[in-house]
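Please look over the model below before reading my notes.

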Amino acid sequence: MKQTLSLGARSAEGQEQIARIEKEAHTSIKLCYQCGKCTAGCPVAFAMDSPPRQIIRYLQLGLVEEVMAAESIWICASCETCSARCPRGVDIASIMDASRREALAAGKIRDQKVAVFNQAFLSGVKNFGRTYEAGLLLQHNLKTRQPFKDAELGLPMMKRGKVSILPESIKGKEQVKKIFERIETMGRE
Amino acid sequence: MPLGYYPGCSGEGSGIEYKMSTEKTAEMLGIKLKELEDWNCCGATSAHNTNQLLALALPARNLAIAEQMELDTILAPCAACYNRHRAAEDKAREDPEMRQKIAGIIDMEFQASSHTISVLEWLAKDVGAEQIKAKTTRPLKGMKAACYYGCLLVRPQEHTGFDDNEDPQSMDQIVRASGAQAVEWAYKTECCGAALATSRPEIGAKMIYEVIQNARGAGAECIVTACPLCMLNLDMRQAKAGQQYGEKLDMPVYYLTELVALAGGYTQQEVGIPRHFVEAGSYLDSLPAKAAVIEAAEEAARQAKAGKKGPAAKSADGSQEEEASQKKIEAMKKGFQKNPEKMASRLIQDEERAKILAEIVAADEKKINKLAELMARDQEKASKAAEAYVTGELKKREK
């Protein structure tokens, strides 16, 4: 009896998610022939549960749940070495990026610390128009419940004139806030 | 036209030396920087981790401001700022629909007509190593530097483009133009861990440690960077990364612009050296002594070469050598008469200037003789003389 392996997500929702990831990443997972060059060159593969090649394989097999549950999509440093080296032209780094956004939208956040960092970073930009580094670190520490993290660096930073005491805000901060609001109402792209 | 300037958020905080030294470098080169008015944060990695439209719209507001100020080119020293702005302008140029959409979101006129450049592109391509060499008054001879490009200055190639993404050379060229030695090493474009040093410190520490180890293993005595996040990780977090491996690390890390400005005569104070975490002043102070040792060795090698044959052998050999060199000079002269363009291109890289040199020598036999003599003995001196002829000629033409 002939048996064919059917690839692709089983649920319609899964199919949709994979299609969206590919569209956002502007690349095709079908091009990948699993050579593993991405994983070989990945500087953070040592810390990942599923290295880049496996993430692509999951997507090829329609196993989108496994991708969203992977810690690797949160560990990826977006260094783009994988995309630069892929002999098939798959933009793996963008796939990681799009998968992270997909997981975020689905509320499946494996690594709270990264998500909290991004949130803290963007809330600063939204309110002041610029990044306020000191506030960012403080907020990140509070939200991740590690109040003394990097505390030993605070004073030396100040001594070197590397911390401004107050956030710097721009004249057009309302304009920037509006950019955030418009995008929030538009939803994801 | 002044050069547009986007200092970025880190310029006011953790990357203050980068801002100081970039501005000094521009001053040294006689370039006027015009800061974008009321610029906003580019959103960095956090924006493109979160929402693609946001990642395009935040830089687009700055690009639109640059258009209002009629600035074609914007210098963004921070590698992330540069990368995000370049990505946004490229996307908007190739996708007019997206450009319209972004214009709507930022509620501004947006043509995507300005170009964002990095410090590497600015110094290596627009200014050029020759010009930096010409402005170098205190060469950093004796310095052994590992040029660290990291990620965002060279990747993705379709945005960054101008340098090779596996073995980039632009920073090496600039470092050499400042008089330092650029060592060959394997971790030029490895990642420093970026924000992982904050969110997952144990992972970040390993990445930082490996970059420093690889540089040290290749014989480097310092690391050079053109990215404030690489600097933050390699400099501020170096001691702790070493601790994780039971080692005391003390590798000084410099911004490329610090080195260029120091070589151009600015003081350590002026470019921000005392603000580093890993003490970076004493290595700079040690360079003159190192340079003296190298120069003495070079001199000794020269003398050994000259004295090797001994005075008796010299007279017999001498005439032969003299004859050979005379033949070489004659060949050079013939070359100049037959094909001045080709000979000129051997002396001057710049095509236009080489053409002018060809015109000069075609009309002046004395200059042919002089250049032929120099070329037979010392190519570098010949190039210098050729450049001087062209510069003189250009001045004459201007009058």
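Predicted model: local features only at pLDDT ≥ 70, side-chain atom pairs only at ≥ 80, totals over all residues.

1. Residues are numbered from 1 along each chain as its sequence is written, while chains are lettered from A and ligands numbered from 1 in the order in which they are written.

2. Chain B has domain 1 (3-120), domain 2 (128-291) and domain 3 (319-398); such bounds come from an automatic or database domain assignment. The centres of domain 1 and domain 3 of chain B, taken over C-alpha atoms, are 45 Å apart.

3. In chain B, helix α19 (residues 351-362) packs against helix α21 (residues 379-398) at about 85 degrees, with 9 Å between the axes. Helices (H or I, at least four residues) and strands (E, at least two) are DSSP runs, numbered from the N terminus. Axes are lines fitted to C-alpha atoms, for helices over the stretch in contact, and angles run from 0 to 180 degrees between N-to-C directions. α19(B) and α21(B) are therefore roughly perpendicular (65 to 115 degrees).

4. On the α19(B) side, R353(B), I356(B), L357(B) and I360(B) meet A386(B), Y389(B), V390(B) and E393(B) of α21(B); contact requires C-beta atoms, placed from the backbone, within 7 Å.

5. Chain B also has an open sheet of 4 strands, ordered β6-β5-β7-β8 with parallel pairing; strands pair if DSSP finds at least two bridges between them. Its edge strands, β6 (181-182) and β8 (253-255) of chain B, each pair on one side only.

6. Strand β5 (residues 144-148) of chain B runs parallel to β6(B) and is joined to β6(B) by 2 bridges. A145(B) stands opposite A182(B) in β6(B).

Terms used
Parallel < 35°, antiparallel > 145°, perpendicular 65-115°, else oblique. Contact = placed C-beta atoms within 7 Å.
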